[in-house]
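Let us walk through this protein chain step by step. We begin with the whole and end with a single residue.

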Amino acid sequence: MQDAAYLHAMNLLARIVFILSCVFIFGSSASSQTAHLQFVHNSADTSLQTIDIWVGNTKLVDDLVFQTASAPIAITAGALTEIRVMQANSEDTITPILLWSDSLQDSSFHQLALSGLASATGYSHFEPLNFVDLGDIRQNSQAFDDTDIKFYNGITDFDLITVMETKLGLGNIITDLGYGQYSAYSSLSTFNYRFVLQDTSSEIQGEFDLNLVSQNLTDSALTLIMSGFANSEENNNGAPMALIGVLPGGATISFDKSMGEMQLIHNSADPTLDEMDIYVDDVLILNDLLFRQASGYLSFPSGKAMNLAFAPANSSSSAEAFFTQNIALEAETPYVAIAAGNQSGSPSPETSFSIFLKKSRKAAQLSNQCDVLFFHGASDAGPVRVNETKALSNELFSSTDFGAFHAYSSLPLTDYKLDLILENDNSVFETYDFTLSQLNFQGEAITLMTSGFVDTSSFIGSEEMSLWLARSSSGLMLEVDLTVGTQELKNPNWKVYPQPANNELNIISEQSLDKLRVYNLQGKLLLERTVNGTSYLLNTSFLSPGAYILVSENNNTVNKLLFQVTY
């Protein structure tokens, strides 16, 4: 709000200065007219990040940065005006980058937008460097409580732009605005808008949030300049597309891109994919994501399709990806994206590695419940369903195919018993204790999924199918049958007590233990100990009250147990 207040104050001050200067000039000389120029640096040429502007032999603008504007400058109208664009820190005008001249006959306020490119090398579409006179510029809105907006297409590789408003459902605001063209003013009530930029095929090239209220733009007039490149990677990796608002006083506002959110979960049980690297538009976003590990919710620009690429761990670039997929997110919408299926071992097309995308929830709709989204990610299981036999005595998730989601179920925080049923023969594959009362998931939204293989002989070193869950925060997934209390899991020959622990936890195994690790429920490693014995007394006094995961290793066998600490 301080930035918005500052912009408003500067705009008001510029208006006062402009009015006083006009009064002074016209009062002192009735025979001459004065034009006011404002220079906007909109050339995305990567060699012109900063420029100087000279009028005649006078440097009027020093070190004008790309996507900024100068304050209004008064000049005498009517005479031929020669404007020279120079590299920053220029001392003379001997070798100008651009020489532009105009008589500027009237006494209007002119915005001159420097657009185009100084060189064609490395750019997908060349438009020569030039000034575009954006016509008479308003000092404020014509109607009370409005914001007046003039649109200018200054993107060299985006020929025709249609601007659609989608947040309030206003539809098209501007249609087919060509490069170098500007529109008449549109008078909009001062609200918060979302402007979507589309090409001639109606493909979205960018979405932007114009929060006119929070930017304190009531009663203002601004020029909305479409700037940068639609495809920066094809244009010397220049500036990406942006919307820049230019106020008459010289202040500029870079409007934020609209964003969606996505959680990425590694649930491919293919043992050749224990870890993966994930790229978005060739940028590494997740390094060495483990099998049964989830990211938190990550923010990405919405609307425009982005390329999601999966590569082996320790990859050097997205060129090594074994799978890619284009996806587009809706603004202000969370998604869960689950990697599942098999990349190796001649998988069938139906169970090949893929990314499965679903609109999701970051929190439960009711603060005293837990919302559970179900996903079937075991590629060789056929369709499955989940019945609850303890608290609800009813079907919880109906028949679900591999790679499909079942809608959310909102569950009270009690204890459940889940039967995972194979639809092909209607058999109970396994029964699980789902102890929501003890997992501290109040108000959370989680994703429950099948993970692993029914037949592990198909993939050497693969994991047997079970039910696992991922929280909306980042971390390792939790196996559903991890219940609070002394619980015998994969290895019935180790015990942990007392439950809950106070200051100490006894760990006893019939076989020698190599290592012990303690994680929090977000998957963060809190403690690691080398044991080399059959028993260990774990000091838990450093842990805050709550639930934790204990992991033991013995000759490459991993066992996991959920334990609780209280004081």
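**The whole chain**

Of the 567 residues in the protein chain, 51% are buried. Keep in mind that this is a predicted model. Strands are what you will see again and again: the chain has 40 of them, along with one helix. The radius of gyration is 31 Å, well over the 24 Å that the globule rule gives for 567 residues, so the chain is more spread out than a compact globule. Its C-alpha atoms fill a box of roughly 105 × 50 × 45 Å along the principal axes.

Now look at the contacts. Take those between residues at least 6 apart in sequence: 63% of them join residues at least 24 apart.

**One sheet**

Strands of a sheet pair through backbone hydrogen bonds, either parallel or antiparallel. Strand S18 (residues 259–266) pairs with strand S24 (residues 334–340) in the parallel sense, over six bridges. Methionine 262 stands opposite tyrosine 335 in S24.

**One residue**

Finally, find threonine 147 in strand S9 (residues 146–153). Is threonine 147 buried or exposed? Its relative accessibility is 0%, so threonine 147 counts as buried. Which side chain joins that of threonine 147 in a polar contact of 2.8 Å? The partner is threonine 190. Leaving out residues up to four places away in sequence, threonine 147 also touches others, including Ser141, Leu188 and Leu222.

Conventions
Residues numbered from 1 in each chain as written. Predicted model: local features only at pLDDT ≥ 70, side-chain atom pairs only at ≥ 80, totals over all residues. Heavy atoms only, no water. Helix = DSSP H or I, 4+ residues; strand = E, 2+ residues; numbered from the N terminus. Buried < 20%, exposed > 50% of the residue type's maximum accessible area, 1.4 Å probe, protein only. Polar contact = N/O pair within 3.5 Å; in protein donor to acceptor, adjacent residues only side chain to side chain. Contact = heavy atoms within 4.5 Å. Pairing = 2+ DSSP bridges. Rg over C-alpha atoms; globule rule 2.2 N^0.38 Å.
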